Amino acid sequence: MADTINLFVNGVEVEVEAGKNLIDAIGAVGIEIPHLCYHPALGADGNCRMCLVGIEDGRPPLVPACKTPAQAGMKVLLDAAHIKKIQRDVMELELINHPTDCPICDQAGECKLQDYYMTYGRPESRMTVPQVQKSKKLDFGCGVVHDQERCVTCGRCVRFCREITKTGELGIINRTDAARVNIFPGRPLNNRYALNVVDLCPVGAMTSRDFRFKQRVWFLKKAPGICHGCAKGCNITIEHNREKYQDDLIYRFRPRLNLQVNGYFMCDAGRLSYRQENEGRLLEARLNSQIRPLEDVLAAYNQEIERAEKIAILLSPNCSLEQMVAVKALATKLQASLSGFSAGYIQQGDGDGFLIEDDKSANRAGLTLLGIDCTQEHFEKAVQETQLLINFNNDLSRSYAEHELKKLLKDTKVIFATSHDDSLATMADIAIPVAASSEYAGSLINCNNILQTFTGAVSKNHKPADIGELAAKLGSPLQNRAEQFAELRIYLSVLKDFEADTVPAEGLNLNDSEAANVTA
Amino acid sequence: MSAKVKTMDRKGASFQERLYLIEIFKGMATTFGHFLRNLLDNKKLYVRHYPEVQPEIPVRWRGRHRLTTHADGTVKCVACFMCQTNCPANCIIIEAGERLDGKTEKMPVKFNIDLLECIYCGYCVEACPLDAIRMDTGIFSVTDNNRESFVLSLPELLATPGAFSEEDYKKGGA
């Protein structure tokens, strides 16, 4: 725990963390100071003046809270009449040229301007001159749509492009009420984190073309999750909704604060990876390309198991640790050779050292931890020796071209447990639908050796089993998540103090514990 | 506290009433009296000759819905979802899309009202910030023989005219 200091807010003594500015320090104990331009990741700018607070007996008596470090004994005034008047006047000023087109604005419902208008004063407009007209629906590139009229020129987006991505595509041009955010002519946003400006924008000036008009935000149900797009394992909020007569669909991923992993941001590719959870899913089990009830397919599986002398099992590097131990136990029971070969998931040179990693799989560290062989030689030898391959959602088309794959699996029967109805599912003799990553609970180890858990967010109409449950149905001795988690403790002694649902939200850093070096 | 007790006289206890047939004929006399009077002259009938005579619908009556249009015939609705959000019966299903006629940016591409689920509470009209949905068609009877045709779509909602003049509607307190 960091050092704490005591200060007074509206005459009430509160204990806050030292070394922070007033907004963060007082905000942490639940007292909100309104602010538009300040963002913890971008630092204080002090241009919006919304966070002006009074300091009793202080010099100067009025300070912007974002620029003022919390000090012991400070007497902060938030509810004095002159502070309220400032907040009300700033709101009035911001709204002079605001188009108030909330009915068609995607930000409505999570808009700071809307919230502060309702909280701080509800000023009536006193303007008698026409509003300044600016450009609307500007295409800034990378799927960012900008509306200059809604903008409050807080400059968060500009600072993000300068300080975080270091690309500097955006700038504020002109002064006073002609000031507007714009790109340089012919040079649109061009970085892999551009959609973060949509989250950063406190109002509806920056909106996402992908999310545009898809849903009103108050319909969305928010659930925490982990992005499975790469080995970084960025923390996300899965925002999904089941519309009447429809399936439960994800509408967007947004980054969730975790200073140990991704901070406040995530990459655009990961943000748009929600589409894979919705689209192209395998809904029904298939036997020789015929749709059959799952019981029939499992009966066929049992026959195949009886018939085959040797079996090979392939795991996806995206599986959770629980699924991996369940499948490993199944492999031991069937005396099958287990592989985690997934070279195709690695895109050499794609990572950027910030939030994008070369490895496009979420849990390769888990395969290593469980001592599962990931080499190509081992996998190919196993396939050639056996007549039956059980593939747990490993997208082999990433590792092999189609003709290579056909040649490799020529004499092999393939049982494919898959979330998606892709070319591999068409080729497979038996295809069994399984849950995608937003639909089950599990744990992952990311590229920095941080173990994180996540819970199922989406509940689909057809409710496919997750790989752990399927492995249990196929004969794995580990029947449920509790048993799988207990098995995990053999590999990770640090988990002995935790249950599956009590792992800290920010994750367990395995580098800190001696257990990191313990492998099977 | 003692309860207030009121003793009621039991009807039908007298000898005449207990004979039963006399009371039957008295009742029949009343019934046939009405029957003959209405048969000879039905002007004084207490019920309306529906459907030959339609009821008079006041302006504030909440009838079947319609979507209003601008003077040039384009839809006023901007798909803000206020009506869907407020609908307690959850009978409005909207899908929003890009608007390209220059009026605003957003418009509904699908706007369905399921009349079988609608409870005609009028909250959608109250919630609409643009006076785009009204219940002033004067239509109170919606009949059909299959469920699907009770789901009104965007063209049907736009095609129905209002039953009242603009002044009368505004005067009606809307």
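**Figure 1. Pairing of β21 and β22 in the predicted model, chain A.** In this predicted model, strand β21 of chain A is joined by four bridges to strand β22 (residues 450-454) of chain A, and the two strands run antiparallel. Within this pairing, A:Gly442 stands opposite A:Phe454 of β22(A). The two strands belong to an open sheet of three strands with the order β21-β22-β23 (chain A), in which the pairing is antiparallel. Because β21 (442-445) and β23 (508-509) of chain A each have a single partner strand, they stand at the edges of the sheet, and one side of each is left without a neighbour there.

**Figure 2. Strand β3 of chain A and its two partners.** Strand β3 (residues 52-55) of chain A pairs with strand β4 (residues 62-64) of chain A in the antiparallel sense, over three bridges, and A:Gly54 has A:Leu62 in β4(A) as its bridge partner. The two strands β3(A) and β4(A) form a hairpin with six residues between them, and in its turn A:Asp57 has a positive phi of about 60°. Strand β3(A) also pairs with strand β5 (residues 75-77) of chain A, again in the antiparallel sense but over two bridges, and here A:Ile55 stands opposite A:Val76 of β5(A).

**Figure 3. The largest nonpolar core and the surroundings of A:Leu315.** The largest nonpolar core of the model comprises 131 residues, and A:Ile313, A:Leu315 and A:Val327 are those with the most contacts inside it. Helix α9 (residues 321-334) of chain A supplies the largest share of this core, namely seven residues. Not counting residues up to four places away in sequence, A:Leu315 touches A:Met324, A:Val327, A:Leu338, A:Gly340, A:Leu367, A:Ile372, A:Phe392 and A:Asn394. Apart from this core lies another, of 25 residues, which includes B:Cys77, B:Cys83, B:Cys128 and B:Ala132.

**Figure 4. The loop position of A:Pro185.** A:Pro185 is placed in the loop between β9 (180-183) and α5 (196-200) of chain A. It counts as exposed because it has 6 C-beta neighbours inside 10 Å, where the limit for an exposed residue is 12 or fewer. The C-alpha atoms of A:Pro185 and A:Asp411 are separated by 59 Å, the two residues being 226 apart along the chain. For context, the C-alpha atoms of chain A fill a box of roughly 85 × 50 × 40 Å along the principal axes, and buried residues make up 43% of its 520 residues.

**Figure 5. Contacts between chain A and chain B.** Seven residues of chain A are in contact with 14 residues of chain B. Sorted by class, the side of chain A that touches chain B holds four nonpolar and three charged residues, with no polar residues.

How values were computed. Residues are numbered from 1 along each chain as its sequence is written. Chains are lettered from A and ligands numbered from 1 in the order in which they are written. This is a predicted model: local features need pLDDT of at least 70, side-chain atom pairs count only at pLDDT 80 or more; totals for chains, interfaces and linings use all residues. Two strands pair if DSSP finds at least two bridges between them. A nonpolar core is a set of buried Ala, Val, Leu, Ile, Met, Phe, Trp, Tyr and Cys residues joined through C-beta atoms within 7 Å. A residue is buried if 20 or more other C-beta atoms lie within 10 Å of its own, exposed if 12 or fewer, and partly exposed in between; C-beta atoms are placed from the backbone. Two residues are in contact if their C-beta atoms, placed from the backbone, lie within 7 Å. Ala, Val, Leu, Ile, Met, Phe, Trp, Tyr, Cys and Pro count as nonpolar, Asp, Glu, Lys and Arg as charged, and the others, Gly among them, as polar.
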